[in-house]
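Here is a short report for a reader meeting this structure for the first time. Please look over the sequence and the model before reading on.

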Amino acid sequence: MKIRVKINGVTREDDVEPRLLLVHYLRELAGLTGTHIGCETSICGACTVLMNGAAVKSCTVLAVQADGSEITTIEGLSGRNGQLHPLQQGFWEEHGLQCGYCTPGMILAAHQLLSRNPHPSRAEIRKALEGNLCRCTGYQHIVKAVEWAAEKVRAQAEHA
Amino acid sequence: MIPEPFEYHSPQSLEEALRLVTEFGEEGKMMAGGHSLLPMMKLRLASPRHVIDLGRLSELRYIRESDGWIEIGALTTHFQIESSSLLREKCPLLPETAREIGDAQVRNLGTLGGSLAHADPAADWPAAILALDAEIRANSAGGERWIAAQDFFVGLMTTALAPGEILTAVRLPPLPRRAGDTYLKLRQPASGFAVVGVGVRLALNEAAHIERVAIGVTGIGPKAYRAAAVERELLGKPPTARRLAEAAARAADGVQTNSDLFASAEYRKHLASVYVRRALELALERANP
Amino acid sequence: MASCKYDWPAAGQRDAIGKSTDRIDGPAKVSGRAKYTYDINRPGMLFGKMLTCPHAHAKIKSIDVSPALKHPGVKAALVIQDVGSEIQWAGDEIAAVAAVDEATAEDAVRLIRVEYDVLPHLVREENLSKDGDRAKPAGEQKVGDPDKAFADPEAVISEGFYGIPVITHCCLETHGNVVEWRGADSILTHSSTQNVSGIPSQLGAALRAKKINVQDSNIETICQYIGGGFGSKFSIDRWGVVAAELSKQAGGKPVKLMLDRDEDLEVAGARPSYFGHVKVAASKDGTLTAWSSETWGTGGPGPSGVPPVPYILTNIPNIYKKHTSVSTNIGPARAWRAPNHPQACLMTLAALDDLAAKLAMDAMEFLQKNIHLAPSYLVNTYQQELSKAAELSEWSKYWHPRGDKTPGHLKRGLGVSLHTWGGRGHAGSCNVIVRPDGSVTVQSGTQDLGTGTRTVIAVVAASTFGLPVDAIQVEIGDSRYPFDGASGGSTTVGAASAWTRRGSVDALNELFAAVAPSLGVQANQLEARDGRIQVQGNPSKSLSWKDACAKLGAKTIHTVGKNPGPCNLGSVGVGGVQVADVTVDTETGKVKINRLVAVQDCGLIIDKLTAESQVYGGLIMGVCYSLFEEKVMDQTIGRMLNANMEFYKLAGIGDIGGELIVHMMTGPGYDERGVIGLGEPPVISPGAAISNAVANAIGVRVSQLPLTPRRVLAALAKGGIA
């Protein structure tokens with residue numbers, strides 16, 4: 001089936017099997033491997049991407065469902081010259097990652113939070129990241145990273 | 001991890017969808033958000049030859065008041081319900097329930113209609129709509145009908161929907177005066193499904209006695225149910241703490257309780273009482289601001 | 001004290017060492033550029049899938065892969081275990097295919113026909129009386145006269161049963177490899193491994209055993225990023241060898257064979273269980289006099305290690321212990337972060353906590369009173385760490401005698417535990433290269449599991465050269481670089497810091513020799529400081545790093561740093577104390593963590609952030625196995641019931657609502673010990689600390705981990721505050 005998807009601002013057209021999962025479409029056809037696979041059952045969240053601005057688990061979406069949609073993956077958050085988005089910067093500076101496998105999905109789930117709620121409390125941050133598992137960090141630094149990013153994003157908005 | 005091959009259809013109108021559903025019959029499965037069907041297909045526990053994706057039917061995505069009812073289109077997502085200011089005002093139980101479903105990603109795609117039609121014994125919506133005395137609209141090639149929530153959940157993952165019918169909307173009365181509602185849940189730690197989930201709406205009369213009470217319970221048995229035994233103990237009575245606790249002890253009366261890795265049947269029975277009691281207490285607090 | 005040329009700089013002169021440096025691979029990971037093995041897409045790559053055995057114990061009667069080979073898109077298929085093989089666990093690999101895409105491979109593998117003779121199995125070991133001849137003696141020991149000590153009428157005795165089940169590693173990236181042949185006799189593997197330097201020889205040996213001739217020198221393994229290892233990824237594993245064979249069969253095309261989550265949970269590693277009856281005695285003043293334990297556990301079909309009990313307090317004067325190893329038909333155990341220690345810690349520290357409660361003694365005081373029974377070199381450390389942990393957890397404010405008497409259904413309690421680990425740096429090496437343009441590279445065939453190895457290397461080199469951390473280029477993760485040992489046993493930071501230090505000091509000395517003439521001094525009068533090479537104590541007589549390197553002309557400095565080597569850069573043996581603060585909902589049985597306090601020593605800290613991260617990580621894994629994780633086997637069907645992440649539960653962000661407080665012991669008394677590994681110690685105590693806190697809260701011991709709501713309610717029903 002022919003699908004047309006805009007990924008990180010670039011439109012592509014592909015002919016895919018209905019059963020192709022969005023996560024495989026992104027990782028293999030589009031070559032964007034920053035979106036990771038960690039489980040089979042839509043639990044871990046490592047595959048989280050933004051679809052039309054909303055965070056979804058791409059392992060539980062068919063590529064054909066994404067026809068006509070706009071997808072943002074972790075690669076799309078960095079600026080054109082590789083500058084880090086405040087969330088990426090925050091996860092780095094606040095040490096919100098160790099092995100890094102869960103990190104892209106975690107960042108995109110946090111991105112959705114900040115776009116809906118620019119000033120989240122710690123409880124709201126935790127609620128928003130319920131769908132993302134991390135085996136390494138203990139989550140405390142992830143919460144701090146999101147707080148750091150929220151402040152930076154608010155500051156940038158004020159300057160704009 | 002990858003489903004068996006199938007054909008995918010994406011109808012653009014309800015008529016088209018009904019036509020496809022009728023055409024494919026048993027060989028076709030409907031999909032809304034896909035978060036019930038796709039996991040099963042990925043594990044090859046379900047392998048329909050035709051998947052009918054209702055996701056493009058934007059006409060079924062709405063929340064509105066009409067004729068004294070609140071009406072919600074079947075394809076409204078959990079997130080849309082969670083963030084609806086209309087519902088927060090007129091029926092707080094619904095956003096409260098929505099918030100507890102799965103996680104933020106699941107809520108973006110999962111739909112009210114999809115969840116109700118699938119009727120997972122641990123899903124949250126069935127308990128909520130039972131507590132609200134809601135009605136469910138089913139459309140078929142032959143027309144439409146409204147099904148009372150009490151008649152909708154027939155058995156394990158079985159609803160009153162007939163072959164060829166599509167669930168298109170849910171309607172329910174807004175919260176009356178001197179009433180409170182709530183949804184409380186104990187989450188299965190990994191999946192987020194309800195080990196027990198209780199929706200309560202209760203209304204008080206002038207004498208502050210319980211005039212109406214509806215308790216929907218999920219996660220305990222093969223299907224969500226009304227805790228009628230509890231309701232009978234409370235109707236017309238003053239809601240003292242003791243009465244609530246004694247009535248709540250009957251929360252799982254007559255129900256064949258489930259047992260799984262996380263919770264045994266006895267533990268579920270016990271939890272049902274605890275959560276029914278807690279939900280009643282909270283709803284009562286809200287009825288008496 | 002005589003100084004040695006590689007010694008760590010004195011306090012105050014350590015530059016980046018000991019500070020908080022952001023991990024240097026952060027940008028790659030947050031931008032999605034980091035490629036894990038699962039992400040490797042090679043030209044012409046095929047996808048491998050395996051057929052596994054559905055029976056826990058069986059013999060293969062017949063096997064036919066030809067239907068799969070005939071399936072369109074399949075480029076190779078092979079039998080992994082042939083007719084007559086005896087299978088010892090469900091999920092064991094039987095056959096494999098490689099196909100043009102993953103979907104085709106999944107379809108094709110289902111076409112393979114296998115017949116089994118099913119044999120009797122045992123997959124549940126907790127009831128020793130039912131284990132029959134699968135229960136094998138695994139050691140018995142007596143010290144002193146325990147019978148006499150227990151018979152003492154003045155002795156206060158506590159007896160209990162304690163248990164900790166089999167759990168898995170559940171790394172977020174599953175196991176697997178991408179293997180390809182470069183020509184007829186050279187192999188490249190991308191492997192999700194914590195043993196980059198070790199994989200080539202493993203793969204070479206395995207292939208030669210199958211009469212596929214390949215030299216280890218012609219095998220290269222690459223692993224730049226790995227999504228967790230925790231002890232399960234030291235080996236090429238049979239599926240890695242299979243990928244190499246499938247690749248060869250398909251003309252050398254790359255084959256990606258990653259395990260699915262259910263396979264990974266069933267067969268790719270487990271931590272052995274440990275159950276036991278423990279009896280402990282003390283005199284009325286709380287001094288321990290005797291220990292007796294009869295324990296058993298399983299690590300799969302083969303023997304598993306024996307947890308060291310009594311844990312830490314090894315000098316109890318009278319000891320009897322007996323262990324039985326049960327052979328079960330479950331996926332075999334692999335080293336799980338701090339092998340045998342979490343088990344020994346729970347068995348001991350829970351039993352001692354119960355004894356302290358019986359003595360009506362404060363649990364902290366009980367440990368302080370008996371700490372002289374610990375290895376002498378750690379006694380002082382434990383005393384300091386116990387005090388610190390008491391302070392940070394506000395122990396005197398929140399601890400109470402067993403059983404929270406506060407009215408209502410919520411009960412709060414505190415529990416304490418302590419632990420130990422080795423952590424000496426393993427054998428390994430690196431290249432240190434300093435070029436005329438001033439660029440510096442450190443290369444080693446080592447790995448960074450998220451532990452911060454890259455950053456440690458950069459910090460040590462930068463500190464030695466007097467350069468900023470980002471001036472050091474670190475290259476790891478390729479077996480063609482100098483050999484380094486596997487990242488296991490918390491041995492990497494001690495090794496990496498040492499070989500980087502030695503290589504860097506030697507390189508610096510060569511640079512001094514090249515530069516000294518132009519500054520008119522001897523080489524041994526120079527130092528590197530703040531990006532300059534200067535005469536000691538005389539910054540005006542100096543050259544910038546760049547100008548100094550330009551003096552090399554056409555020469556490049558290349559040294560090899562090794563460990564072990566001269567000078568004391570590291571040692572072995574750490575302690576650690578943890579306190580858990582919990583609230584238990586006695587109506588639902590749910591345990592909420594209010595706070596965890598971890599006080600940890602690890603000698604000289606190279607990078608504060610990565611060191612603390614290890615402790616946070618240990619705490620979260622600790623919470624996971626204390627409250628949630630359990631490999632549930634069904635004795636009827638012989639399979640793992642929760643081989644997916646829906647029912648094999650890892651803690652989510654909402655499960656750790658409380659505070660995690662980490663305090664590193666540093667400064668005099670600690671720094672002089674040099675670098676000691678830290679990856680494992682923090683994961684040892686949480687089980688005991690949390691179990692003790694729950695007992696303190698509800699007044700009764702929940703004897704088995706994980707402390708699920710069901711187990712908590714069952715324990716309450718038997719006694720305790722309801």
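## Basis of the model

This is a predicted model, in which local features need pLDDT of at least 70 and side-chain atom pairs count only at pLDDT 80 or more, while totals for chains, interfaces and linings use all residues. Residues are numbered from 1 along each chain as its sequence is written, chains are lettered from A and ligands numbered from 1 in the order in which they are written, and side-chain values use heavy atoms, with hydrogens and water left out.

## Chain C as a whole

Chain C has 17 helices and 28 strands. Both kinds of element are DSSP runs numbered from the N terminus: helices are H or I with at least four residues, strands are E with at least two. The C-alpha atoms of chain C fill a box of roughly 80 × 75 × 45 Å along the principal axes.

## Chain A against chain C

This contact takes 46 residues from chain A and 56 residues from chain C. Contact means heavy atoms within 4.5 Å. The size of an interface is often given as the accessible area lost when the parts come together. Chain A and chain C bury about 4,300 Å² between them, with 57% of it on carbon and sulfur atoms. Buried area is the accessible area (1.4 Å probe) that two parts lose on being put together, summed over both.

Three salt bridges are counted between chain A and chain C. A salt bridge needs a side-chain nitrogen of Lys or Arg within 4 Å of a carboxyl oxygen of Asp or Glu. C:D39 and A:R27 meet through their side chains in a salt bridge, at 2.6 Å from N to O. There are also 25 residue pairs in polar contact between chain A and chain C, both residues at pLDDT 80 or more. A polar contact is a pair of N or O atoms within 3.5 Å; within protein, one must be able to donate a hydrogen and the other to accept it, and residues adjacent in sequence count only if both atoms are side-chain atoms. On the side of chain A that touches chain C, α2(A) gives the largest share, four residues. That side of chain A divides into 20 nonpolar, 17 polar and nine charged residues. In this scheme Ala, Val, Leu, Ile, Met, Phe, Trp, Tyr, Cys and Pro are nonpolar, Asp, Glu, Lys and Arg are charged, and the others, Gly among them, are polar.

## Chain B against chain C

Here 21 residues of chain B are in contact with 22 residues of chain C. The two chains bury about 1,900 Å² between them, 58% of it on carbon and sulfur atoms. Five salt bridges are found across the interface of chain B and chain C. C:D107 and B:R44 form a salt bridge through their side chains (2.8 Å, N to O).

Polar contact links 10 residue pairs between chain B and chain C, both at pLDDT 80 or more. Helix α12 (residues 265-287) of chain B supplies the largest share of the side of chain B that touches chain C, seven residues. By class, that side has 13 nonpolar, four polar and four charged residues.

## Two domains in chain A

Chain A is assigned domain 1 (2-76) and domain 2 (86-159). These bounds come from an automatic or database domain assignment. The C-alpha centres of the two domains lie 21 Å apart. Domain 1 of chain A gives 17 residues to their contact and domain 2 of chain A gives 14 residues.

Together these domains of chain A bury about 1,200 Å², 61% of it on carbon and sulfur atoms. A:H36, A:L50 and A:I74 supply 39% of the area that domain 1 of chain A buries against domain 2 of chain A, more than any other three residues. Zero salt bridges are found across this interface in chain A.

## Domains 1 and 2 of chain C

The assignment for chain C gives domain 1 (11-34 + 425-563), domain 2 (38-119 + 175-258) and domain 3 (270-423 + 571-719). The C-alpha centres of domain 1 and domain 2 of chain C are 39 Å apart. Domain 1 and domain 2 of chain C bury about 1,500 Å² between them, 47% of it on carbon and sulfur atoms. C:L449, C:S479 and C:R480 supply 33% of the area that domain 1 of chain C buries against domain 2 of chain C, more than any other three residues.

One salt bridge is counted between domain 1 and domain 2 of chain C. The side chains of C:E220 and C:R480 meet in a salt bridge at 3.5 Å, N to O.
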